[in-house]
Amino acid sequence: METEVIVVGAGPTGLMLAAELGLAGVRTVVVEKLVERSGQSKAGGLQPRTAEVLDQRGLLDNVLDRARARHGAGGHFAALPVPLDCRPWRTRHPWGVPIPQARVEEVLEKRVVEYGIPVLRGHELVALDQDTEGVTGSVTGPDGEAVRLRGQYLVACDGGHSRVRKLVGVGFPGTAGTISAVVSDVVLTSRSDAVPTTVEHFSRHVRGRDGHWTALSPLDNGCYRLMFGSPTRVPRDTPVALAEARTALQAVYGEETDLQEIRWASRFSNASRQVDRYRVDRVFFAGDAAHIHLPVGGQGINLGIQDAVNLGWKLAARLRDRAGDALLDGYHVERHPVAARVLNNTRAQGVLMNAIEDENVAALRDIVLDLARTPDGNRYLAGMISGLDVRYGDSEHPLVGSRMPDLGLTTAVGPTRTCELLRGGRGLLLELDGQATLAGHARGRVDHVSATVTENWRDAVDARAVLVRPDGHVCWAAGAESPEAALLQWFGR
C-alpha cells in the first residue's frame, strides 16, 4: 500500500495527527495493533490549551457533547488544595474538559474516517526500513498476513513502549521508576459515607492511611476511577487483582467499601524519559512514544495532542513543496523543550506529594502551597500545567511565539472568532484595524482577513496585524519589518 504518511498508533496523538493531515489533503494510513478501541477511561480530561486546539478545528462541540459535567474546580499542582485558575491567561476554556480518553478517541476517529483515512486495526508494525525517498513498514494483520506499507514519512504515536522507537534505535534517556501504582476503572458494590459522589477538586479525592493512598472519583453509570499505591513495589507486568485493589480501597475508606469488578487497570510508575531526537531522518516521534512521565496534573494526553498539531501542518507543508526541510526540523526544536518542562514539573510534583513520608518535603510543600495562593504564583502554575503559557522561539516581541487569543471579531461578512478563522488548517494573516493593507502579501499562501475586535482581550494583542500559524501560534506581529520574511520562513513562496 502506497501513501504519504504512515501513522503508527490510533490513540489520541495518532488520531489527531491523522486528522490534521487529512484536513490538509495528505494521503495517510493509521496502523493500530488493537482490534478495537478499548473503551477505557485512561486519561480523564483535557487541559484548556487542548480545548482551544480542538475549537480551532471545529471538534470541541463534539467533545463537549460527550464530556462529563463540569465541576469548575480548576486544575491542580501536586494535589495541593488550591485550584489553578486559568482565567488570567485569557482563554474561553479556563476549566478544561472532564472527559475519558476513549470518548476523545471516538470524536477524533470519526473525523479521520470522514477524511477517508483508513485505520488498520489489528495490524502491528514489526519492521521498518527508511531510505532517502521514504519509509517502508512491514505490518502483520489480524490473521497473520503480511502487509507492506510505503510512505514518505512515518510518525510513531505508539505509546510508552513504542515498537518504532526500538526499531529505529533512538535514545530514550531519563530516570527509572522508583514507585509503582495503579490507575483503574472500577465498580463498587458498597461504599462508606466518605466515598465521594460528585467530582470536586482533585485534592479532595486524594486520601492516605496506613501506608496506602488512593484517588477515588466518580465517572458515569456507577463506575469510579481509582488510583492507588502502597509501599509494596509490584512488577509492572503483574496483572492487577481484585484483592489488591480491595486492600488499598478498604485501608483508606473502611471495610464497608467494597468492589464488584475492575473494568480496566494499568500499572504506572514515576519513570521519566524522553527521546533525544524527535526526528530521525523520515521517522518522527510524538506523544508517549516521545516522552513518558508520572501521570499527575493531567498533562499526558494534552502534550501528545499538541505534538500532533505542531507536526501535522509542517508535514503537510513539506509534502506540498511549500516549505523547506528546516520546517520539519523545527518540530524537535519546538516540542522537545515543552515536554522536557512537563517531565520536570511532574518530577517536582512527585516529590511534593510524598509529604506524608518526609517531614522536609512537608515543609517544602507548605511553602509551595503559600506561593500557589498568590495571584502570580497561581497564574504561573496554571499556565504551566494547562499548556497556555507555551511559547516557541525567543522573539523580542512578547506576542510572537505565543498562542493567539480567541478574539471576537467583526469582518466584512459578519462576526467570527480567531478559532473559527483557523478551521481550515491554514496560516492566517489577520489585520485588526480593518484596513486590509497587507492583502498583497498573502498571495494564496495563507488566508487573509481584515477585522475589528469586538470582544475579549484586545489589549493582549499589541499589534495592528499578526501572522498566525495553523497551530494557533503567532509567528509575526506588525512592527518595523514587513511580514514577507515570516511568510517565506513558515509558508514558502
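**Cysteines, strands and a pocket in a predicted model**

A search of the whole structure finds zero disulfides, a disulfide being a pair of cysteine sulfur atoms within 2.5 Å. Cys475 is in no disulfide, and the nearest cysteine sulfur, that of Cys419, is 16 Å away. The structure is a predicted model, in which local features need pLDDT of at least 70 and side-chain atom pairs count only at pLDDT 80 or more, while totals for chains, interfaces and linings use all residues. Residues are numbered from 1 along each chain as its sequence is written, and side-chain values use heavy atoms, with hydrogens and water left out.

Cys475 counts as buried because its relative accessibility is 9%. Cys157 also counts as buried, at 9% relative accessibility. Buried means under 20% relative accessible area, exposed over 50%, and partly exposed in between (1.4 Å probe, protein chains only).

On a 1 Å grid over the protein atoms alone, a pocket is an open set of points where a 1.4 Å probe fits, with protein on both sides within 12 Å along at least five of seven lines; lining residues have an atom within 4 Å of a point. The second largest pocket holds about 500 Å³ of space. Its lining receives at least two residues from each of α8 (326-352), β26 (474-477) and α13 (484-491), and the largest share, five residues, comes from α8. Helices (H or I, at least four residues) and strands (E, at least two) are DSSP runs, numbered from the N terminus.

The strands also form pairs, for which DSSP must find at least two bridges between them. Strand β20 (residues 408-411) runs antiparallel to strand β21 (residues 414-417), and four bridges join them. A hairpin connects β20 to β21 through two residues, and Thr410 has Pro415 in β21 as its bridge partner. β20 also pairs with strand β24 (residues 452-455) in the antiparallel sense, over three bridges; here Leu409 stands opposite Val453.

Another region holds an open sheet of three strands in the order β6-β7-β8, with antiparallel pairing. β6 (124-130) and β8 (146-151) stand at the edges with a single partner strand each, so one side of each is left without a neighbour in the sheet. Six bridges link β6 with strand β7 (residues 135-140), and Leu128 has Gly137 in β7 as its bridge partner.

Technical notes: Points joined across faces, edges and corners; volume = space filled by probe spheres on them.
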